[in-house]
Amino acid sequence: MEMEGEIKNFIMVWTVAAATMCYCHTIGKVISKGKLRLIALFPAIVILLLLPLRLTSIHLGGPSTFFLAWLSTFKLLLFAFGKGPLSSNPPLSLPHFVPLACLPIKFQHQPNHNSKKPNKSLLNYTFTTMAIILASLIPLYGKKQNLHPKFVLFLYSIHMYIGLEFVFSLASAITGKLLGVQLEPQFNEPYLCTSLQDFWGKRWNIMVNRILYPTVYDPMVNVSGRVIGRKWAPLPAILATFVVSGLMHELIFYYIKRETRTWEAWEPSWDAACFFLIHGACLALEVALKKTLKGKWQLPTSLSWPLTVAFIFYTTVWLFVPALVRCHIYEKAIGELTAFAQFVKNVYAVSKYLYS
């Protein structure tokens, strides 16, 4: 019954979210961009922040929180001032506006017929490989008492990355089939990064990068440029962007940590915020060094790649993964998969009884 209730709430949450975006689309047609539109959109932003509270599962609540409480609210903030993906000329139609506002997608207005289409067999192979790896990790968690704590955190790191890649790749394939749209790519082989700038700018969580750039980074560049000059303006902008990202991750952890469908006391550990603050400071330092050296000297790829990957992995195991562990995300995920399997069995048994 718990799984059935969660599924019903999931349907309710996304129905309300779609209706909210219909309201926002109407606001965009009748109110010009600016403060007045922001005031009119404010109730919608509040609703989007409240909706994920109705979900407590990892597999349904986690993506819903990421999409609605973070990406959608930031898109609406941009839309209020005539910026971002929701603002276009001519204005988006309602069937295009709603999914674009709710999901991390982009439309293929002018598909390139000369571009190479994805290999379906390769895509299926990728999904199968990721599913097998995820399935092989679950039995190991049952024996984690016999494993070194650092190795367990290593397994959690692999689980986190492959799980995210699997979910978004699967969502991209399904959405592309149903709506004829393409999800924004979330990852671009992050394990091949050769610098923090390469990792955060081009390879990891690309959709978030594209949303944070116009909402935080670009305004901060304009403000700091008046004080310290255009050359060094990106440095405080980078720090501000990572601070916002850290705070939003803490908020998401709050949502997924809850056990009940209501407000609970927020007791952040700030591990995620520290993780992003450290990375923001190191990335700002990296950019400053590149500006100072002006390309006269740089580390060879054979050295920059292992150093970058080692730094990212170490800080992830040190700060980010423990924050997830404190949210009991992995235990909840395994429990949900078990409950879902039982739910499917019950549905199959009922349908078999009805049609026998």
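The axes of helix H9 (residues 234-257) and helix H10 (residues 271-293) come within 8 Å and cross at roughly 160°. This is a predicted model, in which local features need pLDDT of at least 70, side-chain atom pairs count only at pLDDT 80 or more, and totals for chains, interfaces and linings use all residues. Residues are numbered from 1 along each chain as its sequence is written, and side-chain values use heavy atoms, with hydrogens and water left out.

Reader: Are H9 and H10 roughly parallel or roughly antiparallel?

Author: Angles here run from 0 to 180 degrees between N-to-C directions, with axes fitted to C-alpha atoms over the stretch in contact. Under 35 degrees counts as roughly parallel, over 145 as roughly antiparallel, 65 to 115 as roughly perpendicular and the rest as oblique. The two axes cross at roughly 160°, so H9 and H10 are roughly antiparallel.

Reader: Which residue classes make up the contact of H9 with H10, and how many residues of each?

Author: Ala, Val, Leu, Ile, Met, Phe, Trp, Tyr, Cys and Pro count as nonpolar, Asp, Glu, Lys and Arg as charged, and the others, Gly among them, as polar. Sorted that way, the contact has 16 nonpolar, five polar and three charged residues.

Reader: What does Ser269 count as, by relative accessibility?

Author: Ser269 sits in the loop between H9 and H10. Buried means under 20% relative accessible area, exposed over 50% and partly exposed in between, using a 1.4 Å probe and protein chains only. At 36%, Ser269 therefore counts as partly exposed.

Reader: How do H10 and H11 lie relative to each other?

Author: Their axes come within 8 Å. The axes cross at roughly 160°, so this pair is roughly antiparallel.

Reader: What is the span of H11 between its end C-alpha atoms, and what span should it have?

Author: The expected span is 1.5 Å times one less than the number of residues. H11 (residues 301-326) has 26 residues, so it should span 38 Å. The end C-alpha atoms agree with that, being 36 Å apart.

Reader: Where is the kink in H11 centred?

Author: The bend at a residue is the angle between axes fitted to the seven residues ending there and the seven starting there. In H11 the kink is about 45°. One of the buried residues of H11 is Thr316, and the kink is centred on Thr316.

Methods
Helices (H or I, at least four residues) and strands (E, at least two) are DSSP runs, numbered from the N terminus.
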